[in-house]
Amino acid sequence: QEAMPTVTVVRKELMTALGQEYTDKEFEDLCFEFGVELDDITTEAVMQRKEKGDKAAKADAAADAEEIVYKIDISANRYDLLCLEGMALALNVFRKKLELPNFRSVKVDAPQKMTITPATQQIRPFVVGCVLRGIKFDSQRYNSFIELQDKLHENICRKRTLVAIGTHDLDTIEGPFTYEALPPDQIVFAPLNQDEKMTATQIMELYEKDPKLKQYLHIIRSSPVYPVIYDKNRNVLSMPPIINGDHSKISLETKNVLIECTATDPMRAKIVLDTLIAMFSGYCAEPFTCEDLLVVGTDGKETYFPDLKPHKVSASVDYINRIVGVDLTAEKQIELLGRMQLQAELVAASNTLDVTIPPTRHDILQACDVAEDVAIAYGYNNVPRKVPATNTYGKQLPLNKISDQLRGEIAQAGFTEILTFGLCSHAEAFAKLNRVDDGNTAVTLSNPKTLEFEICRPTLLPGTLKTLSNGQKMPKPIKLFEITDVVRKCSDNDVGAMNRRHLCAIHGGMSSGFEVVHGLLDHIMTMMDVPLDAAKGYSLVEAQDGAFFDGRCAKVLLRGEEIGIMGIVHPKALEEFDIPFPASALEIRLDALTGAA
Amino acid sequence: LIVTCATMAATDIEAAVLSQLQAGAIANSLDFAKQKGYDHLAVIGVLKSLVSDKYVVIEPSDHEGWKLTDEGEQCVSKGSPEAQIFALVPDDGASKDEIEKLAGAMAKVGLSQCMQSKWLRIDKDQGGKIFKNEASVTDAVKEQLAAVVKGTFPPKQDLDKLKKRKLVASANYKTYSVAKGEEYAPQRAKAATDITQEMINDGSWKTQKFKPYNFNALGQDTGAGRLHPLLKVRAQFREIFLEMGFEEMPTNRFVETSFWNFDSLFQPQAHPARDMQDTFFIKDPATCLSIPPEYMAKVKATHEVGDCQTGGPQDPQASPIKSLGYRNTWAEGEAQKNLLRTHTTAISAQMLYKLAQQKEFTPKKYFSIDRVFRNETLDATHLAEFHQIEGLVVDRNLALGDLMGMIEAFFEKLGLKDIRFKPTYNPYTEPSMEIFHWHEGLNKYVEIGNSGMFRPEMLRPMGFPEDVSCIAWGLSLERPTMILYKIDNIRDLFGHKVDLGMIKSNPICRLVK
């Protein structure tokens, strides 16, 4: 399941855009039906308090007008819903209040031009862009424009690694532009909101402490060259993906905006550009249009951006009905798709819909996406429900079945079941048990967030000892057990590791209870119909193991093969796990004992 | 030994009381105690015990009583302060200083009392020297106090004086009159706590008296072992799936390849879940050793351009997938990275792949409940691992309506009705639905799971024909368990910090009563 991005919109502004005053409940229902979630209703002053921390915000709180805001969770693939403009557009089309505009790009006689130099190919090879002409900002639109870029950077741009957006006041710069990559000391400019010019190296140092920007530095830091965009007069537009130049920054008064998106993933760059155009070209002198940017590739190939020509996806009427489980006419399907911004035409010969995908709906890849949109517009909860006629028998996994049977037997023998983590620290599995890591046993994690989890546990004993230690205040004796999987390296398996089902039981109290644990082993063997017989059944052979006390430790053999170990837990191990009383433990392989897989 | 003496004394008293009652009632328990030389409190103890077995009935009377304070005791042994001071003064008198020096602490009280009763006088003519007024005096206070000890109290005005001087303190007491009770017998039968083997053998249970049992106390702990609450709930979910004809998948495989965990599910390689921070990647063994090459080529093509050379035994026509794909390069190296599976759907993919390799398609209903891992910072609602419950049905011509009906039937077995579905997004399902149910307590719809139909971009490269669909849903085991057992902190449920007492007292899991 996906982590959903959250969009914050001012309630009043949203209602104005929707042209209707919804109650919170009505709006919540609309969201549910459409497939977004009204997560929280709060006020702007409260919001700021949450962001700034209580102390600083107390002073602000009184001064701020308390504006009601909606926090709306949206699907991770609907980039067009990441701002007020897109949310309102989608909901208005969904409510049949609006037709989706026809977004167009205009090829002018002398287009703005950007040339890519070869050095960029080693660090950030792609750039796309466009010009928004005669745009009218006000503070609401301007803030939304900036916030949308932030949201895109966080989501589809994968924290600027895949795509980075730069927006510039075109009237402060002059084309043609060049997209270059240069050694950091050769790049000198004043970054956004700084007065002084500095080298790229100094800029990187400056942002080392910047809470927002420091997270992006790693993307280019180790590269010998940094990406940079210049205008004709060597003004720096941006040093993607870190920062724009101060020279070309946009303001409320900006009339003409140059958008550039540099990328390592050209498809995502296109989606980001399309989204910005779809959301903000409505404020242009000629609404819903933008002006092409001519990009000259390293091979001299000229490409005009954006490419707003809609994609086509075809979906048969029958397929859609089959997938949803309804029986709708082509006309009805077309009407429903219109509410989802998808314009469809019936190709009568094949009874197929020819569906036009606008630049706002890059999430549509295939006919199944079209079927889903029919279902959403039809209303998921209006679809007739039926239990599929699929006739199959129930079947348990044999290993799980025998595990459950043994769990019951062991609990009946007076042991209480515990449930411990599959991950542990290296020391818990080895040093603390005075066991040596042979390097061929434990599966090691590369990036754990906590030191508690360095490896997959190769045995259950550490978790059992930790639980006994934690529960040491309980009346004694304490008798615990667990049946679950450990993970061990194994070269026979495609991943080089495998699960193995183990049983671990422990007795702790005023005496070690070695005979109690021994008795449990006998009981388990009796239940498994395994006799005490070195050749035909099980037997115990004295053994040495760092976790157990010398002379009170034995291997458990099944027909001569080792399947487990038991003994009095070594006082040193008890000390390592903070257990102030004696204990005995047993750990055996259930796969080997039961023969079940 | 002390206990034995007390018991024996009690037995003696009991015999004396019962024998006395044969002659007639006991008017006053205190008199009785004095007469027999018993401690009155011990007698009361015996009486109350006899009352509980209805051997006697008793009637209390309240009495005013007095006892000496420590100071009062001193008076009895050494005389009152005034008498002591009087004795100190020689016939030719003494100075106040001399008297205070000799008498110490009691000088002040003693002198003042002597002056009040005019036993002494101060001669101002002789520089305040103190002289006796009487040749000898009677120490009435001492006598009164001695009488109090014996239970004889002086007249009220004298008693008030003693009280004011803190020589006596109030000690009210009860005495009892005693008469035969309905179960009276001259000898008390010994009450037993339990029926013994001996009683059964010799038949003495017929006449034996038994001590009353305290039904308000708890019985003895059974010493039984218990199963873990989360796994008790797991058992119920397993049962539901089995009742509904689902087959359990072999999910005992925590280490997985990125290929099965992500790529086979058509999850893009640039997906945020593949970030190092969200997923546990494996340092050792870091990469997998084998991925089925033919299938991998199809997955690669589907990611890159949305189509592949489909077809196989079940799909002889090999109709195209016709997807736009992700239009970006797909790297095998990324797919080979080992990780701890983030969902059991990695196993579902392998089961479906195997199913698609069969000559003939057979419908299947699969389920699993097993651990999955997320590289989370631990808090009250997040652990690095939890149990995922997953169910899926693969058959020809399944629809979204089938999925809804299946989910409704499943949750009805959990006692959850009024199920609603909300559109959502999952990378590998389309259509996708979040599952909500009406929660009576919270008075709102609450999310309980996620579901969808696997995308053709996932099923078709495996080799399934175009008309085969797979509907699936999933939820966590921990969340319903926490709601069911009202547990707020997930660490109280899963892991070594769990309260063993909670495991012991946790009831049977009954999802529907």
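Thr444(A) stands opposite Asp284(B), a residue in strand 11 of chain B. Strands count as paired if DSSP finds at least two bridges between them. Helices (H or I, at least four residues) and strands (E, at least two) are DSSP runs, numbered from the N terminus.

A word on the ground rules: this is a predicted model, so local features need pLDDT of at least 70, side-chain atom pairs count only at pLDDT 80 or more, and totals for chains, interfaces and linings use all residues. Residues are numbered from 1 along each chain as its sequence is written, chains are lettered from A and ligands numbered from 1 in the order in which they are written, and side-chain values use heavy atoms, with hydrogens and water left out.

Now the interface as a whole. On the chain B side, 116 residues are in contact (heavy atoms within 4.5 Å) with 100 residues of chain A. The buried area is about 9,100 Å², with 55% of it from carbon and sulfur atoms; that is the accessible area (1.4 Å probe) that two parts lose on being put together, summed over both.

There are 10 salt bridges between chain B and chain A, each a side-chain nitrogen of Lys or Arg within 4 Å of a carboxyl oxygen of Asp or Glu. One salt bridge links the side chains of Arg322(A) and Glu466(B), at 3.5 Å from N to O. Helix 16 (residues 400-413) of chain B gives the largest share of the side that touches chain A, 8 residues.

Back to Asp284(B): its peptide bond to Pro285(B) is cis, and Pro285(B) sits in the loop between strand 11 and helix 13 (293-305) of chain B. Arg158(A), in the loop between helix 6 (139-154) and strand 7 (163-169) of chain A, has a positive phi although it is not a glycine. Most residues other than glycine have a negative phi, and most peptide bonds are trans.

| Cis peptide bond | Omega |
|---|---|
| Asp284(B) to Pro285(B) | near 0 degrees |

As for confidence, the model scores ipTM 0.90 and pTM 0.81. Chain B averages a pLDDT (the predictor's confidence in each residue, from 0 to 100) of 90, and 98% of its residues score at least 70.
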